[in-house]
Amino acid sequence: ELYVHIPFCVRKCEYCDFLSAPADERLQNRYVGALLHEIRYYGQTMGRPALSTIYIGGGTPSLLTPEQIEQIFNAIYHTFSVNENAEITMEMNPGTVDIEKLHAMKAAGVNRLSIGLQSAQNEELKMLGRIHTFEEFLETWKLIEQAGFKNRNIDLMSALPGQTIESYEDTLSKVLALEPEHISAYS
């Protein structure tokens, strides 16, 4: 398994304790350059190990440019032995991708997306400090379907301050209606 951390985000969410922060283009480019060096170093040091799982997490990996996505995956494929049927996941947040970026992810071999919705209630999203609304999530969901992704995870949160059983049930109903392949529910 390989986990690659992308520590960039549009804005730090109120609840987040992951290593992440906003970054300008210069810092993002420097980080990706250092990351490429690390990928090559560890792959070579470990003798080109086989990978059955690759997970690009964060932060918000979908803030990377299509070129940066291509660079990172090229480094992985040239330095590690990636199994033909490997599950390759990339985290993303609503509103941070367009169809070009989704096509770049697919071309790079990403075959599973994990989308950070958290809630279908706009008041709860605002309280969490999220940058999107449920409606913006639905627009992103349509793009994901248009790009042809068939393995999709939706992240949800429960036990939020002010959340009711009814609001959580409404979130679950709206998400289940989309028929994602997986739901990650965190308390």
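Which residue lies over the face of phenylalanine 149?

## A lysine over a ring

Lysine 106 does. In this predicted model, lysine 106 sits 4.6 Å from the ring centre of phenylalanine 149.

## Aromatic pairs

Searching the whole structure turns up six aromatic pairs. One of them joins phenylalanine 134 and phenylalanine 137. Their rings are stacked. The centres are 5.8 Å apart, and the planes make an angle of 20 degrees. That angle counts as stacked because it is under 30 degrees.

Both residues belong to helix α5, which covers residues 134–147. They are three residues apart, so about one helical turn separates phenylalanine 134 from phenylalanine 137.

Phenylalanine 137 also pairs with tryptophan 141. This pair is tilted, with 5.9 Å centre to centre and 35 degrees between the planes. Tryptophan 141 lies in helix α5 too, four residues from phenylalanine 137. That spacing is again about one turn of the helix.

Phe134, Phe137 and Trp141 make up one aromatic cluster. Phenylalanine 137 pairs with phenylalanine 134 and with tryptophan 141.

Notes: Residues are numbered from 1 along each chain as its sequence is written. This is a predicted model: local features need pLDDT of at least 70, side-chain atom pairs count only at pLDDT 80 or more; totals for chains, interfaces and linings use all residues. Side-chain values use heavy atoms; hydrogens and water are left out. Rings of Phe, Tyr and Trp (its six-membered ring) pair if their centres lie within 6.5 Å; planes under 30 degrees apart count as stacked, over 60 as edge-to-face and the rest as tilted. Helices (H or I, at least four residues) and strands (E, at least two) are DSSP runs, numbered from the N terminus. A charge sits over a ring if NZ of Lys or CZ of Arg is within 6 Å of the ring centre and within 35 degrees of the ring normal.
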